[in-house]
Amino acid sequence: MGLVEELTALLGEERVTEDPFALLMYSKDAGASRGHADLVVFPETTEEVAEVVRIVSRHGVPIVARGAGTGLAAGAVPNEGGVVVSLKRMDRIHEVDVENRTAWVGPGVINLDLSVATQPYGLHFAPDPSSQSVCTIGGNVANNSGGPHCLAEGSTVAHVLALEVVLADGEVTTLGSAAPDPIGLDLRGVMIGSEGTLGLVTKVLVRLLPNPPDVRTLLLAFDTVEDAAATVSGIIAAGVVPAALEMMDQAMAVAVENWLHGGLPVDAAALLLAEVVGETAAVEAEAEVIRRIGTEHRARSIELAADEEQRAMLWKGRKSAFGAVAQTAPDYYLHDTVVPRTRLVETLSQIYEIARRHRLAIMNVFHAGDGNLHPLIAYDSGDPDETERVRKAAEEMVEVCVSRGGVLSGEHGIGLEKRDYMPMLFNEVDLDAQARLKECFDPDGVFNPTKILPQGSRCFDLGSRPVPDGAWV
Ligand SMILES: Cc1cc2nc3c(=O)[nH]c(=O)nc-3n(C[C@H](O)[C@H](O)[C@H](O)COP(=O)(O)OP(=O)(O)OC[C@H]3O[C@@H](n4cnc5c(N)ncnc54)[C@H](O)[C@@H]3O)c2cc1C
């Protein structure tokens, strides 16, 4: 039987599609790259995923896992063709263990749905990507996603205890466990952030956190980006690690306000959104520290959200910022790099300079507390000259961040988008070690081939391993 016939026999016609419109939709994610899906399948159980992997591997065709397709680094883009395995129908919350504050969930569960479902128990899942109303837990695991509230609590890797995974030969294994300190190599940690290149995640044991008893949310406005950035460093240096510490520059604030109509001070050069959570006495004391440091850095206004409604409005503005940009240009290129917090000011001014030099419209909204920058370039992909300038500017921005002691990605992953920048950060031996790890999990390169690691990542590909005399190669 051919590939389509075998998969249809397993899943039925309704869950195997070659429909041209569906193939088009599944050929890209939320980023700029496009691939070509040959087929999309929708398994609903671990057993079906395992059988899909066995069948597709036998046919020697690439397998690209997909959650909601909100990734921004082309991780779910089938750039080499092949079968897109959509995990979105595996969206059951299997079990909530309230006493141990954990839950086993399917990879297709929407991030926000998990916190809504555990709300009656006073629990939530801490990682909250701005895309949380649509992105899946499987995608969060694969990208080790972060979010505004990951500053104090850590990104996805800190909130996942165990994973059920289908390996390249169709075997099903569990990595990690509910035990607080599991023995053996931390293969759970290896799988998290591997962007669908090592296996397909079919179940996730997540850690849940108690909802905080109290919260204070402050909006600080500044006349310079420098003062806002210095306030970020000052708050953390003072020993306060807010639950969230987010920054928005003026151009972004204007785009958000045009859509939100929430009364944001759009004449300020930069806005800082700071949130502290915990017991009432603690949050009041921490909010006071934030006020003091903001004032020391010439904040022109400091507003405390008066009630839950105002707090929700501020977060709606922050979490919808990328969408709000749609009014200004047909496309946007969203960067994701990290620099040490103390180098935010100089890095930002270089980023503005790069955009100016390439005549590009730039806006910034980012997780300032983590030093995780998200320069956003609004442009028109129908204009080849502008698109080329975006590409060049993006590369220069990565170079600037790396030269300031930063890394290529804070949360969106490497995928295809940053793959060819990997040698900026890793030497041949580093890349070889990662390529060997990939081979251990996936010797035939079935899962998401050509992602993350640039071609020639094995040392012998790079010619750095001398070939002994007389050896047959
Ligand atoms: C408006 C907007 C805001 C965003 N904000 C944030 C943010 O604040 N923080 C952040 O970190 N990201 C953010 N993102 C990026 C994106 O939403 C996250 O990376 C998210 O976790 C991707 O989830 P997904 O379900 O859409 O995954 P997809 O895009 O479908 O896939 C992402 C990667 O995961 C792999 N994958 C998916 N499911 C599985 C599985 N079950 N097993 C193995 N591999 C799998 C895919 O192959 C791919 O490599 C944002 C994106 C948008 C569009």
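Of the 131 residues in the largest nonpolar core, Val-85, Leu-271, Leu-272, Leu-376 and Ile-377 touch the most other members. Such a core is a set of buried Ala, Val, Leu, Ile, Met, Phe, Trp, Tyr and Cys residues joined through C-beta atoms within 7 Å. A residue counts as buried if 20 or more other C-beta atoms lie within 10 Å of its own, as exposed if 12 or fewer do, and as partly exposed in between, with C-beta atoms placed from the backbone. In soluble globular proteins, nonpolar side chains tend to be buried together.

A word on the model itself is in order. The structure is predicted, so local features need pLDDT of at least 70 and side-chain atom pairs count only at pLDDT 80 or more, while totals for chains, interfaces and linings use all residues. Residues are numbered from 1 along each chain as its sequence is written.

The protein chain contains 15 helices and 20 strands, where helices (H or I, at least four residues) and strands (E, at least two) are DSSP runs numbered from the N terminus. Its radius of gyration is 23 Å, close to the 23 Å that the globule rule gives for 473 residues, so the chain is as compact as a globular protein of that length. The radius is taken over C-alpha atoms, and the rule is 2.2 Å times the number of residues to the power 0.38. The C-alpha trace spans about 70 × 55 × 45 Å along its principal axes, and buried residues make up 48% of the 473 residues. Among contacts between residues at least 6 apart in sequence, 71% join residues at least 24 apart; a contact requires C-beta atoms, placed from the backbone, within 7 Å.

An automatic or database domain assignment divides the chain into domain 1 (3-86), domain 2 (93-210), domain 3 (214-323) and domain 4 (329-403). The centres of domain 2 and domain 3, taken over C-alpha atoms, are separated by 29 Å. Their contact takes five residues from domain 2 and nine residues from domain 3. On the domain 2 side, these are three nonpolar, two polar and no charged residues.

Met-248 belongs to strand β13 (residues 244-249) and counts as buried because 26 C-beta neighbours lie inside 10 Å. With neighbours within four places in sequence left aside, Met-248 is in contact with Ala-253, Val-256, Ala-270, Leu-271, Ala-321 and Val-365.

Phe-441, in helix α15 (residues 428-441), is partly exposed, with 17 other C-beta atoms within 10 Å. Leaving out residues up to four places away in sequence, Phe-441 touches Leu-167, Ala-168, Leu-198 and Gly-199.

Notes: Contact = placed C-beta atoms within 7 Å. Nonpolar A, V, L, I, M, F, W, Y, C, P; charged D, E, K, R; others polar.
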